[in-house]
Amino acid sequence: MKEYKMRRGEHLEDRIPDMESTVEDYFGEITATQEFKGNDLHVVEDPDNPVFERIVAGTSEYSGKKNKLAVHFEERDAEDVIAEGNADAAADAVDAKNDFLLEATGRDAKARRDSMKRAVEDDPDHDVDA
């Protein structure tokens, strides 16, 4: 499960006031919930795009801190997707993920990568010389 921060001064609930309908719009019908750090996240067991096996997404709330987007994209093996004739769905899957994350966080793919790199570099357990 990955957690994403919002841009400075922005809040997830302002960017996506209705997480349930947003997840359904991007990925398909929500069929269950899954607990993550005390929060119930939305689960799409049968996503619209055949590249995805399962998607878990929702709000990870923190006392005294800004909420984060928690998301896990479980994808099928690329060979299986291609063998079924769904190779074109791969580009749509990437677009759906990036568009959803941009809408939720206000950060494009490059900004999200840079943020993740900084988080790893700031981790005291991360040794760059190892």
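This note sets out numbered points on the structure above.

1. Basis of the note. The model is predicted, so that local features need pLDDT of at least 70 and side-chain atom pairs count only at pLDDT 80 or more, while totals for chains, interfaces and linings use all residues. Residues are numbered from 1 along each chain as its sequence is written, and side-chain values use heavy atoms, with hydrogens and water left out.

2. Overall composition. The protein contains 5 helices and 5 strands; helices (H or I, at least four residues) and strands (E, at least two) are DSSP runs, numbered from the N terminus. Read from the N terminus on, the order of elements is β-α-α-β-β-β-β-α-α-α.

3. Dimensions and burial. Along the principal axes, the C-alpha atoms fill a box of roughly 45 × 40 × 25 Å. Of the 130 residues in the protein, 33% are buried, where buried means under 20% relative accessible area, exposed over 50%, and partly exposed in between (1.4 Å probe, protein chains only). Among contacts (heavy atoms within 4.5 Å) between residues at least 6 apart in sequence, 53% join residues at least 24 apart.

4. Strand E2 (residues 32-36) pairs with strand E3 (residues 39-44) in the antiparallel sense, over 5 bridges; two strands pair if DSSP finds at least two bridges between them. Phenylalanine 36 stands opposite asparagine 39 in E3. The two strands form a hairpin with 2 residues between them, and lysine 37 in the turn has a positive phi of about 50°.

5. Helices H2 and H4. The axes of H2 and helix H4 (residues 88-105) come within 10 Å and cross at roughly 160°. Axes are lines fitted to C-alpha atoms, for helices over the stretch in contact, and angles run from 0 to 180 degrees between N-to-C directions. H2 is therefore roughly antiparallel to H4, a term for angles over 145 degrees. The contact is made by Met19, Thr22, Val23, Tyr26 and Phe27 of H2 and by Ala96, Lys97, Asp99, Phe100 and Glu103 of H4.

6. Threonine 22. Threonine 22 lies in helix H2 (residues 19-27). Is threonine 22 buried or exposed? Threonine 22 counts as buried because its relative accessibility is 10%. A polar atom of its side chain lies 2.9 Å from the backbone oxygen of aspartate 18. Leaving aside neighbours within four places in sequence, threonine 22 is in contact with Ile16, Phe100 and Glu103.

Conventions: A polar contact is a pair of N or O atoms within 3.5 Å; within protein, one must be able to donate a hydrogen and the other to accept it, and residues adjacent in sequence count only if both atoms are side-chain atoms. Angles under 35 degrees count as roughly parallel, over 145 as roughly antiparallel, 65 to 115 as roughly perpendicular and the rest as oblique.
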